Amino acid sequence: LVGSEMCIRDSQYPACPFCVKVRRAIKRNGLNIETRDVKRNEKFKEELVQGGGQLKVPCLRIEEENGEISWMYESGDIISYLEQRFSPVEAENKSA
């Protein structure tokens, strides 16, 4: 969960190099995002396929405050989204 306005979850395989890139970006930005191993958990795998439409990782599931859910699949897109949405500059502007 990140912020009060949205819930974000990252579906991944632990050894996937693109998933590793996303996890490093999450850590680098100090984000608290739930990660789910869809390779080892059948329930998580089913949720990914049913919700996002494909068994592809990494996948960022974004649930907005209004309940709208979107799915983002490309590691570069995910990292850009996270850095733009949760950049330190934005956090400073919100607290000012």
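Which residue in β4 does arginine 61 stand opposite? In this predicted model, arginine 61 faces tryptophan 71, a residue of β4. The pairing to which these positions belong joins β3 with strand β4, residues 69-72, in the antiparallel sense and over 4 bridges. Most residues other than glycine have a negative phi, and most peptide bonds are trans.

A cis peptide bond is present between valine 57 and proline 58, with omega at about 0°. Proline 58 itself is located in the loop that runs between α2 (42-52) and β3 (59-64).

Turning to the helices, the axes of helix α1 (residues 17-28) and helix α3 (residues 75-85) come within 9 Å and cross at roughly 5°. Because angles under 35 degrees count as roughly parallel, α1 is therefore described as roughly parallel to α3. The contact is formed by Phe18, Lys21, Val22, Ala25, Ile26 and Arg28 on the side of α1, which meet Ser75, Ile78, Ile79, Leu82 and Glu83 of α3. By residue class, the contact of α1 with α3 comprises 7 nonpolar, 1 polar and 3 charged residues.

With regard to aromatic rings, the count of aromatic pairs in the model comes to 0. The ring of tyrosine 13, however, has the charged end of lysine 39 sitting over it, at 5.6 Å from the centre of the ring.

Methods
Residues are numbered from 1 along each chain as its sequence is written. This is a predicted model: local features need pLDDT of at least 70, side-chain atom pairs count only at pLDDT 80 or more; totals for chains, interfaces and linings use all residues. Side-chain values use heavy atoms; hydrogens and water are left out. Helices (H or I, at least four residues) and strands (E, at least two) are DSSP runs, numbered from the N terminus. Two strands pair if DSSP finds at least two bridges between them. Axes are lines fitted to C-alpha atoms, for helices over the stretch in contact, and angles run from 0 to 180 degrees between N-to-C directions. Angles under 35 degrees count as roughly parallel, over 145 as roughly antiparallel, 65 to 115 as roughly perpendicular and the rest as oblique. Contact means heavy atoms within 4.5 Å. Ala, Val, Leu, Ile, Met, Phe, Trp, Tyr, Cys and Pro count as nonpolar, Asp, Glu, Lys and Arg as charged, and the others, Gly among them, as polar. Rings of Phe, Tyr and Trp (its six-membered ring) pair if their centres lie within 6.5 Å; planes under 30 degrees apart count as stacked, over 60 as edge-to-face and the rest as tilted. A charge sits over a ring if NZ of Lys or CZ of Arg is within 6 Å of the ring centre and within 35 degrees of the ring normal.
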